[in-house]
Amino acid sequence: MSKQGNFSQINDWYSAREPRERVLIMVMAVLAFAILVHLAIWTPLSDKYFDTEKKLKKMRADVIWMRQATPKLLALQGNTSTTKPGSNESLQTIINRTSKIAKLQNAIRRVRPTGNERVQVWIEKAKFNELIAWIELVKNQYGIDIFTISLERDTALSGHVNARVIFIRMQ
């Protein structure tokens, strides 16, 4: 059967209805169309808008937090120190020992030497202030500097960060 035949049958069926039934059918069709538009178009767009707004607020909070942390990191980067005389310990040994002193041993997930004078450290769920104090300790007492650092705010715990740091021994 062709589309025109189907349309003709629907039209014949509709024409056979009484005027009150036709009005009711038209009202129901308009109502069904409105519900379909609401469910198929409006609701997904509205949900997407609110999700995007929520993400934007979170990103703004992260930016504020990072701006507050920047002066501390810049202060650490600006400090220069020489290697402690007679320090023959390996960089990895110093990192492991000082992380215990700074109460970060549970936050350190991995320590990997990347050469004679470099070591890469993965840190998860560390208190930001303790991490900064530890970085200050290894810099001031052992002359170990940050080559690169990547910080990420831990959204599950307030004041905590995940970090990846490459330390380098300054000669």
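Author: The model is a predicted one, and helix α3 covers residues 91-101. Within this helix, Leu91, Ile94, Ile95, Thr98 and Ser99 are buried, and because they cover an arc of only 125° around the axis, they lie on the same side of α3. In an α-helix there are 3.6 residues a turn, so residues three or four places apart point the same way. The cover over the buried residues of α3 includes the strands β1 (108-113), β2 (118-127), β3 (144-153) and β4 (160-169), together with helix α4 (128-142).

Thr98, which belongs to helix α3, has a relative accessible area of 0% and is therefore buried, the cut-off being under 20%. When its neighbours within four places in sequence are left aside, Thr98 is in contact with Trp134, Leu137, Val138 and Tyr142.

Arg97, by contrast, is partly exposed, with a relative accessible area of 30%, and it forms a salt bridge with Glu89, in which the closest N and O atoms are 2.5 Å apart. Glu89 is itself partly exposed, at a relative accessible area of 29%. This pair belongs to a structure that holds six salt bridges.

Just after α3, finally, Lys103 takes a positive phi of about 60°.

Notes: Residues are numbered from 1 along each chain as its sequence is written. This is a predicted model: local features need pLDDT of at least 70, side-chain atom pairs count only at pLDDT 80 or more; totals for chains, interfaces and linings use all residues. Side-chain values use heavy atoms; hydrogens and water are left out. Buried means under 20% relative accessible area, exposed over 50%, partly exposed in between (1.4 Å probe, protein chains only). Helices (H or I, at least four residues) and strands (E, at least two) are DSSP runs, numbered from the N terminus. The arc is that of the directions from the helix axis to the C-beta atoms. Contact means heavy atoms within 4.5 Å. A salt bridge is a side-chain nitrogen of Lys or Arg within 4 Å of a carboxyl oxygen of Asp or Glu.
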